[in-house]
Amino acid sequence: MIAMSVWGVAFVAGWLVIGLPTDPVYAFFWIWAGTIAWYSARPWRSHLRFARDWVPVVLLLVAYNLSRGFAYHDGTVPHAYELILADRLMFGWAMDGQVPTVWLQQHLYQPEVRWWDVLVSWVYFSHFVAALAAAAVLWMVERSRWAAFMRRWFFLCATGLITYFLYPAAPPWWAAQNGLIEEVARISTRGWKAFGMHGAGNLLNAGQLASNPVAAMPSLHTAFALFVVLFFLRNVRRRWWPLLLAYPLAMTFTLVYSGEHYVIDVLVGWAYVAMTFLVVGWAERWWARRKARAAPTDTSTAEPATPPDPAAPPAPPTKAPPIPSPR
């Protein structure tokens with residue numbers, strides 16, 4: 001309790017002075033410090049093992065963030081018209097011919113910050129820490145599932161990055177600045193002003209300015225949210241599923257309302273999540289069968305069964321049959 005209290009005070013102080021941990025290195029620092037505080041009684045070699053396993057992860061995330069910027073240069077002509085057309089075809093009949101972003105801001109956006117703006121800022125920030133925090137918990141609880149989580153996460157990031165290079169697409173706020181749609185404000189971080197915490201999103205705002213402005217398709221924000229939920233969904237009782245699934249829906253509203261993405265970006269991001277689970281799951285099963293064939297086996301034994309999916313939760317223990325009482 002003392003260690004976690006110290007960690008909490010330090011985190012809030014860092015949040016107010018430096019900003020929210022949206023950078024992968026900065027976020028990893030706080031997650032690692034949190035694991036040290038939670039397991040403060042463990043020997044230091046355990047904490048150093050955590051850092052050793054996570055250094056490649058952090059370096060890959062840093063490389064991913066940097067490479068996103070290479071997908072855009074001054075001569076890039078982003079795709080915009082087809083995204084606007086797709087959203088108008090899906091929702092224009094119910095929104096006076098507008099894309100959902102324009103319609104939502106016309107009905108909800110006000111000069112003063114409202115309570116939903118605060119929620120939007122928190123949901124938007126969660127994108128930068130939710131997957132990392134989930135992976136940290138998996139590392140401490142079940143390392144094999146941590147590896148399965150990482151394989152799927154990196155595949156999702158890689159497919160999204162390839163798409164940014166092949167299909168640079170502009171978000172609604174960019175389209176509005178260039179006169180393609182009506183006025184749209186980029187308001188994903190304005191909720192911090194409600195608490196007078198103008199520096200709370202310093203790193204987030206700086207990251208937005210330095211990020212790739214034509215990386216709208218697919219929306220990895222909603223893809224990450226859905227990916228984390230689906231990975232853990234089978235571990236949770238069905239009655240809690242609606243609560244978990246509300247998270248990617250909240251992220252969808254956040255991104256569309258704040259001018260960061262079109263709805264079509266979100267739908268394609270969800271399709272990438274489905275592809276990730278199918279492709280990586282198939283690759284894992286293929287690799288397990290290949291290893292089983294390569295391993296020396298006893299010819300008198302039966303052929304080994306197909307190994308389970310590493311992303312699936314462990315099977316519950318079976319009960320032994322009752323021993324009949326003597327007559």
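This is a predicted model: local features need pLDDT of at least 70, side-chain atom pairs count only at pLDDT 80 or more; totals for chains, interfaces and linings use all residues.

Me: Why is the pair of Trp 7 and Trp 30 called edge-to-face?

Reply: Rings of Phe, Tyr and Trp (its six-membered ring) pair if their centres lie within 6.5 Å; planes under 30 degrees apart count as stacked, over 60 as edge-to-face and the rest as tilted. Trp 7 and Trp 30 lie 6.3 Å apart, centre to centre, with 80 degrees between the planes, and are therefore edge-to-face.

Me: What makes Trp 30 buried or exposed?

Reply: Buried means under 20% relative accessible area, exposed over 50%, partly exposed in between (1.4 Å probe, protein chains only). Trp 30 has 9% relative accessibility and so counts as buried, whereas Trp 7, at 25%, counts as partly exposed.

Me: Why are H7 and H8 called roughly antiparallel?

Reply: Angles under 35 degrees count as roughly parallel, over 145 as roughly antiparallel, 65 to 115 as roughly perpendicular and the rest as oblique. The axes of helix H7 (residues 130-141) and helix H8 (residues 143-166) cross at roughly 150 degrees, so H7 and H8 are roughly antiparallel. These axes are lines fitted to C-alpha atoms, for helices over the stretch in contact, and angles run from 0 to 180 degrees between N-to-C directions. Helices (H or I, at least four residues) and strands (E, at least two) are DSSP runs, numbered from the N terminus.

Key
Residues are numbered from 1 along each chain as its sequence is written. Side-chain values use heavy atoms; hydrogens and water are left out.
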